[in-house]
Amino acid sequence: MSDMDVLETKATAAAGVSPVAAGIHVVSGLQDGRSATRVSVSPDEPVFAGHYPDFPIFPGVCVVECAHRSALATAPEPVELAAVESARFTGPAFPGDSLSFDLKWRNKDDSWQVSVTAVTARGDAASMRLRYRARGSAPAGTHAPSPDADVPRHVAGRPGLPEVMDLLPHRYPMLLVDRVTALEPGVRISTVKTVTHNEPWYASLAPGQDPSYPASLLVESWGQSAGLLASAAAPDTRDQVMLFGSVSHAVFHRPVRPGDVLEHHVTVSRSLGDSVIFEGESRRGADPVMSVERMVMAFRPAGHLRSS
């Protein structure tokens with residue numbers, strides 16, 4: 001077995017559960033703080049069945065997942081993801097694409113910061129900055145419990161709360177919100193997501209393998225809650241597609257495992273025409289599991305998802 005094969009095998013084991021079936025091909029291991037990998041996006045990736053089924057596009061969070069697994073494959077020591085400090089998506093990835101990742105590592109404040117760029121044959125796809133802590137070290141500081149805000153439990157123009165599938169185009173296995181529990185259109189929303197072993201990412205989980213829910217799917221679930229909030233506030237945009245534009249300072253406080261019931265809390269911090277900026281957190285009971293300082297989502301015509 002070659003050194004690169006060993007790196008790729010170690011990365012698969014370290015990554016644990018993942019929504020991406022493709023393997024990470026290490027083009028060059030860590031040298032002088034830099035490394036490179038490649039991922040082939042197969043049309044058979046399981047996420048395509050439920051992520052905009054009529055317009056298959058590789059989800060932005062899966063690009064982040066591939067960058068994360070690339071980092072695990074080339075890390076200077078055993079590490080775990082502490083935060084997505086920033087991620088910006090500049091071009092789509094489609095079935096059949098090859099994504100190339102360039103990683104630049106630096107040690108900062110007793111943690112590792114990794115700057116990542118992702119490109120396809122058409123050009124730039126994403127740029128990211130990920131932060132890692134030594135595996136098994138203490139997580140980032142947590143927040144005090146959120147106050148029990150008096151959120152109006154209705155959607156404008158009709159009694160009750162909206163059905164998730166009425167507002168989101170996502171379907172199994174990429175529909176990652178179970179129900180809306182509170183909604184003030186254009187202002188804030190609370191939703192619930194229950195993590196279960198029935199999700200396809202767990203099908204190949206081996207005994208003794210870490211069952212922690214992928215951070216990328218936690219971000220996706222929270223982002224879908226933001227999409228629900230945006231769609232409830234702007235019914236005229238429902239024939240368009242919500243694109244994940246960027247995220248800043250998504251910090252992971254505790255691992256999430258099957259059986260956990262997550263509460264997502266999302267607030268609109270600013271609306272800019274066809275783009276909306278959100279902030280908020282995810283909790284398991286009184287315990288915060290993720291905080292999000294800023295996420296930008298944009299409404300675009302569905303044709304923007306078609307590859308040329």
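## Strand pairing and the sheet

In this predicted model, strands β7 and β8 (residues 188-194) pair in the antiparallel sense, with five bridges between them. Ala182 has Ser190 of β8 as its bridge partner.

The pair belongs to an open sheet of 12 strands with antiparallel pairing, ordered β1-β2-β4-β5-β6-β3-β9-β12-β11-β10-β8-β7. The edge positions are taken by β1 (25-31) and β7 (179-184); each has a single partner strand, so one side of each is left without a neighbour in the sheet. From one strand to the next, the twist averages 20°.

## Helices on the sheet

Helix α2 (residues 60-74) packs on the sheet and touches several strands, among them β1, β2 (34-40), β3 (79-89) and β9 (241-252). The direction of α2 makes about 55° with that of β4 (98-108).

Helix α4 (residues 215-233) lies across strands including β7, β8, β10 (261-272) and β11 (275-284). This helix runs at about 55° to β12 (287-300).

## Nonpolar core

The largest nonpolar core has 80 residues. Those with the most contacts inside it are Phe58, Val63, Leu99, Phe101, Met128, Tyr132 and Phe278. Leaving aside residues up to four places away in sequence, Tyr132 touches His68, Ala71, Leu72, Val79, Glu80, Leu81, Ala82, Ser111, Trp112 and Val114.

## Cysteines

The disulfide count is zero. For Cys62, the closest cysteine sulfur is that of Cys66, and the separation of 6.9 Å is too far for a bond; the cut-off is 2.5 Å. Cys66 is likewise in no disulfide.

Cys62 is buried, with a relative accessible area of 0%. Cys66 also counts as buried, at 0% relative accessibility.

Key. Residues are numbered from 1 along each chain as its sequence is written. This is a predicted model: local features need pLDDT of at least 70, side-chain atom pairs count only at pLDDT 80 or more; totals for chains, interfaces and linings use all residues. Side-chain values use heavy atoms; hydrogens and water are left out. Two strands pair if DSSP finds at least two bridges between them. Helices (H or I, at least four residues) and strands (E, at least two) are DSSP runs, numbered from the N terminus. Axes are lines fitted to C-alpha atoms, for helices over the stretch in contact, and angles run from 0 to 180 degrees between N-to-C directions. Contact means heavy atoms within 4.5 Å. A nonpolar core is a set of buried Ala, Val, Leu, Ile, Met, Phe, Trp, Tyr and Cys residues joined through side-chain atoms within 4.5 Å. Buried means under 20% relative accessible area, exposed over 50%, partly exposed in between (1.4 Å probe, protein chains only).
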